[in-house]
Amino acid sequence: MQVDHTPAELSPQLCQRYASLIWSCLDANLHRSALFYAERYYVLDTQNHDARHLYATALLESGQPHSAHRLANAPTRGENCIGCLNILAKCCMTLGQHRQAREALESCLRASGSYTPTGAWSLVTCSARRASHPGAESMRERKTAAFPDAAVLCCQAGTSALKGNLHESACMSFRQALSLNPMLWEAFEGLCATGDIPPIDALFPQRAQPVLAKSGDGGPCNSIPVATGAGFFTPEAGSAGNLFRDWKPGLKAMDAPAGPRDSIATTDSSFYGEPSFQTHIRASRSQPATLAAHPPAVRPLSSADEAGPVTKKLRSTVRQRPAPSSTTAAEAHYLKPSKSAGAVPVAADDRPRGSKARARPALTNANLFSSSGRPAQTTAAPSRLHTLGTGKTMSNAGARRSTRLQSGGTKLASKPSTRDRRRVTSKPRSQSRESGLGEDPGGAGSAFSPTPHIGEGAHSETSPPPSGTWTAEQERAAEEAFQVELADYQIYDVMRRFASATRAMALYDCQLCLDELETLPSQHQRSASVMAMVGKAHYELGQYPAAERAFEAVRTLEPYRTWDMEVYSTLLWHLQRNIKLSFLAQELLSTDPKSPQAWIAVGNCFSLQKEKAQALTCFRRAAQLDPTCAYAYTLSGHESIDEDVNKAINFFQSALRADARHYNAWYGLGTCYMRMSRLRLADYHFQKASQIHPQNAVLLGCVGMVQERYAKYDAALETFNRAIGVSRDNALVRYHRAKILIAMKRYTEALEDLQYLKDTSPEESNVLFQLAKLYRLLGDEAKFTQLLAEVRDVAPKSLAKIRRLAESVQAEEVMDQR
């Protein structure tokens with residue numbers, strides 16, 4: 001039974017996660033990635049203005065202005081949204097409808113008072129107000145980086161290498177991009193285009209579903225994953241949704257060490273593989289802690305702190321009293337800084353010059369994603385400055401030794417008591433995003449320096465003891481942290497399921513692709529991209545009626561969609577749907593006359609009407625509009641193969657230069673060489689096509705035909721058996737297998753295949769003629785004569801063939817008499 005993992009009602013955390021991820025992809029010019037996540041967001045709630053804005057923007061940036069215009073102009077529940085009007089104006093300007101664009105902008109100005117952006121709203125305290133304005137998240141203020149990060153550069157390098165037919169370099173670049181940032185959907189699609197795709201578990205390891213931590217749970221040895229509050233791709237403070245930061249080249253996010261960590265309120269700037277999703281066991285519960293608006297700057301403790309605090313000489317005129325030694329393990333734990341949290345930069349005037357903080361051996365790789373050339377630092381843990389529920393700052397309870405050293409003060413903070421620690425309240429971790437907006441951009445914690453991951457480990461410094469009772473605010477904070485991590489898990493899980501289906505489709509394992517798509521939540525199964533994938537899978541399997549139904553659903557969901565319509569037009573050509581194909585070609589041409597899909601549909605329409613010259617002109621026009629469209633060259637070759645084989649070979653070779661894994665071009669070259677009786681070259685190209693698409697019965701049949709020409713009957717029979725195992729209803733393969741069986745004098749088995757073909761195709765003259773020959777070999781003269789009469793009625797042009805067969809029979813009778 002299928003389990004629907006998508007919530008019926010979108011949580012604010014899930015909306016914020018999708019918005020941050022989509023805007024980051026758009027800012028990095030990764031339009032395919034942005035469109036993928038925007039569609040996933042939109043199908044969850046089609047009435048959500050935030051999702052509509054993002055989806056329409058992604059469509060517009062991806063070159064689909066008509067679809068974006070239809071989405072932004074869709075009727076709403078009486079709301080006058082300035083976001084929709086703004087996007088509508090952009091679509092009109094792109095389409096050249098400047099008067100409509102002016103009207104939309106004027107309406108946007110008149111309606112500016114009815115819709116308030118959320119740039120200054122808190123992501124937590126104003127959740128109720130944000131819920132009343134569901135589209136405000138996409139209009140909030142945000143900051144973008146001036147230059148792309150390493151993951152984006154690797155993805156762009158892979159795309160360039162793929163277009164230049166440098167498949168090994170492209171594969172290496174795409175893998176590096178996914179190791180730095182597994183949420184780059186464009187990099188995964190490029191890796192699928194190369195054909196060298198690792199298993200999904202290697203690229204996207206499965207994550208454990210987060211569990212809500214409750215008061216009174218087990219101690220530090222809990223083995224169940226709990227919500228840490230740090231998102232899988234949580235934007236760091238000051239980024240306002242920009243998730244692309246300086247990933248350190250050469251370090252893999254999925255290889256992050258799972259060392260002990262003690263802080264869960266760190267803002268996480270990445271949206272790739274966070275250790276909290278990769279490690280299946282957490283050593284303890286970690287709960288969100290209070291983070292003040294301006295946390296004090298601290299330095300990491302040195303390795304000498306492992307044995308307890310020691311006296312340090314500071315630049316101060318007042319002598320400092322020695323720090324008390326740690327008497328209990330709990331107190332020593334609360335004195336340790338966060339190993340996973342990044343450090344707030346310490347000002348040059350405040351940092352003690354005589355002290356050199358040396359990282360512990362276990363912390364040498366803690367900051368995996370710090371900028372190159374900068375030493376790994378840690379952010380101040382949220383417990384450095386606790387805030388009570390009354391709003392007052394705790395100055396004595398919970399003061400840390402590193403804070404005292406940084407400030408250079410002479411007063412020794414009192415030791416925190418267990419009772420005071422239990423009174424520490426927690427605010428949602430998302431508040432930390434707002435606290436970083438005022439940081440100095442020149443320090444180590446600037447906008448270009450990512451904050452390291454949070455993870456599992458020992459107890460958080462500010463989490464209550466396991467046996468303690470939580471306050472109401474702590475329980476709300478734990479619920480908020482759980483919702484944040486649950487949103488990350490849901491996005492990652494949906495992306496992973498789509499990746500499994502996409503990988504299967506790229507390897508032409510079409511049945512596996514359909515099975516993977518069945519595991520998606522119901523909202524995603526009804527989306528246009530999923531239905532298009534279903535249609536292509538059925539088309540490759542030769543299940544044309546099912547493919548036609550899927551593509552009709554795509555046209556209903558997105559009437560202005562041009563992607564994948566070249567497959568739909570070819571499907572209608574195979575089904576001989578002349579009227580439907582003509583209507584599709586006219587619609588596509590009116591939607592976007594500069595799209596190659598439209599001209600391919602027009603060419604298929606002419607080809608169905610046997611107008612080869614007109615069809616060839618349309619296919620060449622499609623190739624001119626998009627030189628990387630391999631299918632346009634392939635169709636040009638198929639239209640030319642009957643008139644000029646050499647010209648067809650040139651077209652097929654051009655298709656392979658555009659896409660080396662285009663199996664139709666390999667098949668076309670094999671057909672050309674087969675007609676030229678160059679069997680060695682024909683066998684090579686058919687084998688290449690079959691390696692790319694091993695589930696295609698026609699390609700296997702072609703390989704068997706070459707083997708038949710070489711008189712390798714045993715190998716040919718084995719190949720035909722494999723082809724029939726893939727597609728039992730393939731008539732061409734059954735016909736050639738029957739001929740092989742006749743040559744091997746296995747008449748009974750051949751009779752079964754020919755009788756099956758006669759029942760399914762009663763007017764096929766070749767089948768009737770071959771069946772007549774078989775009955776003659778079996779000695780059934782009555783059926784032999786009857787079938788020859790049927791052949792003469794079905795195909796009058798085959799009289800010469802019938803005469804030759806009759807003459808051969810008479811010659812054999814004469815020889816027998818002698």
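The structure holds 12 aromatic pairs. Here, rings of Phe, Tyr and Trp (its six-membered ring) pair if their centres lie within 6.5 Å; planes under 30 degrees apart count as stacked, over 60 as edge-to-face and the rest as tilted. Phe36 and Phe498 make an edge-to-face pair, because their planes meet at 85° with the ring centres 5.3 Å apart. This pair links distant parts of the chain, 462 residues apart: Phe36 is in helix H2 (residues 31-44) and Phe498 in helix H17 (residues 472-506). Helices are DSSP runs (H or I, at least four residues), numbered from the N terminus. Phe36 and Phe498 are both buried, meaning under 20% relative accessible area (1.4 Å probe, protein chains only).

Tyr42 and Tyr55 also pair, in a tilted way. Tyr42 sits in helix H2 and Tyr55 in helix H3 (residues 49-61), so parts 13 residues apart in sequence are tied together. Both of these tyrosines, Tyr42 and Tyr55, are buried.

| Pair | Centre to centre | Angle between planes |
|---|---|---|
| Phe36 and Phe498 | 5.3 Å | 85° |
| Tyr42 and Tyr55 | 5.2 Å | 35° |

One aromatic cluster brings together Phe36, Tyr37, Trp185, Phe188, Phe204 and Phe498.

Arg32 lies over the face of Trp563, 5.0 Å from the ring centre, and the charged end of Arg734 is over the ring of Tyr756, 4.2 Å from its centre. This label needs NZ of Lys or CZ of Arg within 6 Å of the ring centre and within 35 degrees of the ring normal.

This is a predicted model: local features need pLDDT of at least 70, side-chain atom pairs count only at pLDDT 80 or more, and totals for chains, interfaces and linings use all residues. Residues are numbered from 1 along each chain as its sequence is written, and side-chain values use heavy atoms, with hydrogens and water left out.

Technical notes:
Helix = DSSP H or I, 4+ residues; strand = E, 2+ residues; numbered from the N terminus. Buried < 20%, exposed > 50% of the residue type's maximum accessible area, 1.4 Å probe, protein only.
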